[in-house]
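Subject: Structure handover

Hello,

Please find the structure below. My notes on its sheet and helix packing follow.

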Amino acid sequence: MTLFDRVFGGNDYNYARTVAAIDAAIAQHGEAEPVAFPATAYNLPCYYSITGKKINNLGELKAAMENDIKPMMTRNPRLQDAFDSGVASALCAEFLEVLKYIGGNNPYEEPEMGHLTDAFVRNLGLPLVTGDIPGVAVIIGGAETPEETVALAKSYQAQGLLVTVTGEGIKHLADAGMKTGEGVRVCPLGYEMQSVIHVVSVALRAALIFGNITPGD
């Protein structure tokens, strides 16, 4: 199996499960049901940053899959095609995450943070843009032992990085009693891999808010 096969296969899988999840949500709530992450002016920040369009309801979310996501899924064995498929998968992750918030649901419980608000972005976004926070570390899953996960998180924290954590690493930090949250710049996003999209959302909104990018460019 080539790298292209893995990228394209993963993209196909994510697309199919996102379509199924949206169809299930429409069957339950109807196409007019509003969709948006809470406490953000951008509804779905990653999608808005990339396309320049805002999604307001489930019907528009379904249409975006066919009109915007599917065209990114070209299958030529070239780097650009692989990159575009990665973007498509990332947007699928955002769509799956926003479905969790339908009806004002709060799907994450401490220590998980899930979606990070515009206020969070304004507090930490400027230091990210200026380089006062030199970068973002993403810990996907946990190390072999909780102690190793904690040591890794603390090493990034000591470098001034914004540290984000998904999967088993969240439990490792909690079991060790390590303080997390915005104040210490260690953010447990969620146990599912797709929750990593929330840190991508932070980076894109920081660029939008402080004028580094124009939506849709």
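Axes are lines fitted to C-alpha atoms, for helices over the stretch in contact, and angles run from 0 to 180 degrees between N-to-C directions. Helices (H or I, at least four residues) and strands (E, at least two) are DSSP runs, numbered from the N terminus. This is a predicted model, in which local features need pLDDT of at least 70 and side-chain atom pairs count only at pLDDT 80 or more, while totals for chains, interfaces and linings use all residues. Residues are numbered from 1 along each chain as its sequence is written, and side-chain values use heavy atoms, with hydrogens and water left out.

Helices α6 and α7

Helix α6 (residues 146-158) packs against α7 at an angle of about 90 degrees, the axes being 9 Å apart. α6 is therefore roughly perpendicular to α7 (angles of 65 to 115 degrees count as such, under 35 as roughly parallel, over 145 as roughly antiparallel and the rest as oblique). On the α6 side, P146, T149, V150 and A153 meet G169, H172 and L173 of α7; contact means heavy atoms within 4.5 Å. By class, this contact of α6 with α7 has four nonpolar, three polar and no charged residues. Here Ala, Val, Leu, Ile, Met, Phe, Trp, Tyr, Cys and Pro count as nonpolar, Asp, Glu, Lys and Arg as charged, and the others, Gly among them, as polar.

H172, which lies in helix α7, is buried, with a relative accessible area of 7% (buried means under 20%, exposed over 50%, partly exposed in between, with a 1.4 Å probe and protein chains only). Leaving aside neighbours within four places in sequence, H172 is in contact with G142, A143, T145, P146, T149 and V150.

The sheet

Three strands form an open sheet in the order β1-β2-β3, with parallel pairing; two strands pair if DSSP finds at least two bridges between them. At the edges are β1 (136-140) and β3 (186-190), each pairing on one side only. From one strand to the next, the twist averages 20 degrees. β1 pairs with strand β2 (residues 162-166) in the parallel sense over five bridges, and I139 stands opposite V165 in β2. Helix α7 (residues 168-175) lies across β2 and β3 and runs at about 110 degrees to β2.

Helices α3 and α4

Helix α3 (residues 58-69) and helix α4 (residues 79-99) have axes that come within 12 Å and cross at roughly 170 degrees, which means that α3 is roughly antiparallel to α4. The contact involves L58, L61, A64, M65 and I69 of α3, with A88, L91, C92, F95, V98 and L99 of α4. Its residues divide into 11 nonpolar, no polar and no charged.

Regards
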